[in-house]
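Keep the sequence and the 3D view open as you read.

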Amino acid sequence: MKKGKIFSVLTNCALMAVVLAVSLVGYFSGGARAVSYENTNLYYGGKEGSEAVSLTFNVYENTENVKKIMDTLDEYGATATFFIGGCWADDNVDCVREIYNRGFELGSHGYFHKDHSKMSYEQNLEEIRPSVKILEMICGKKVSLFAPPSGAFCENTLSACAQLDMSVIMWSRDTIDWRDKSVDLIVKRATENLKNGEFILMHPKDVTCEALPKILTYIRENGLKTATVSQNLGE
């Protein structure tokens, strides 16, 4: 077995050990409830005065498309925030590290793509915390953003994220690229009357890879620019 393969196996084993340990801590220690709903960080766009748009990609699949998206972003001098599913990160450590090393922002998309709107406070913690820890272990940087799968959340989700010192990120534009296959439709949803501060939701789908250059061309030609979610929140 080659050294690189051995290292990869050992890395994955170490990551899984950390995830298991974190999950058990979350399970056996519920912890104090966090702040109330109205005081929890929940954002559908940038803060007032934002001077850029944020491209966001929720990732649980299609590693090769993730790489294509990064290449396109680099080609246009654009940035983005990638919300990563923990189970995908565990199987794609090198790609997650590449996303970070190429200067893009990482956020959590949960671990197993569950419906957070139907989960208790403790269950939300158990799902979010391991996904954060695996990303932090891979990249060595604190993760402070969480995008709930399917946009499903409840007060328990917001409280759990507040306990973890995380912001909950939604979107102002949903391209619905996971369902629709029309490049023109995806581009229209992403760009029509686009203004600063907006969060544009996408996924690493084939149609998205085709649409992204047109979206970035629109942004460039209309005097807009891109920023990470954190930058758009002034963090």
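Predicted model: local features only at pLDDT ≥ 70, side-chain atom pairs only at ≥ 80, totals over all residues.

Strand β2 covers residues 54–59. On another strand, β3, Phe82 stands opposite Phe57. The two pairings of β2 are listed below.

| Pairing | Partner residues | Sense | Bridges |
|---|---|---|---|
| β2 with β8 | 199–202 | parallel | four |
| β2 with β3 | 81–84 | parallel | four |

How does the chain cross from β2 to β3? It passes through helix α2, residues 63–75. This β-α-β crossover is right-handed.

Is β2 enclosed or open? Six of its six residues are buried, so the rest of the structure largely encloses β2. Both faces are covered. Ser54, Thr56 and Asn58 are buried on one side. Leu55, Phe57 and Val59 are buried on the other.

Now the helix pair. Helix α4 spans residues 93–101, and helix α5 spans residues 121–139. Their axes come within 9 Å and cross at roughly 70 degrees. Angles of 65 to 115 degrees count as roughly perpendicular, so α4 is roughly perpendicular to α5.

Which residues make the contact? From α4 come Val93, Val96, Arg97 and Tyr100. From α5 come Leu135, Ile138 and Cys139. Six residues of this contact are nonpolar, one is charged and none is polar.

Key:
Residues numbered from 1 in each chain as written. Heavy atoms only, no water. Axes fitted to C-alpha atoms, helices over the stretch in contact; angles between N-to-C directions. Parallel < 35°, antiparallel > 145°, perpendicular 65-115°, else oblique. Contact = heavy atoms within 4.5 Å. Nonpolar A, V, L, I, M, F, W, Y, C, P; charged D, E, K, R; others polar. Buried < 20%, exposed > 50% of the residue type's maximum accessible area, 1.4 Å probe, protein only. Pairing = 2+ DSSP bridges. Right-handed = clockwise from strand over helix to strand, strands pointing away.
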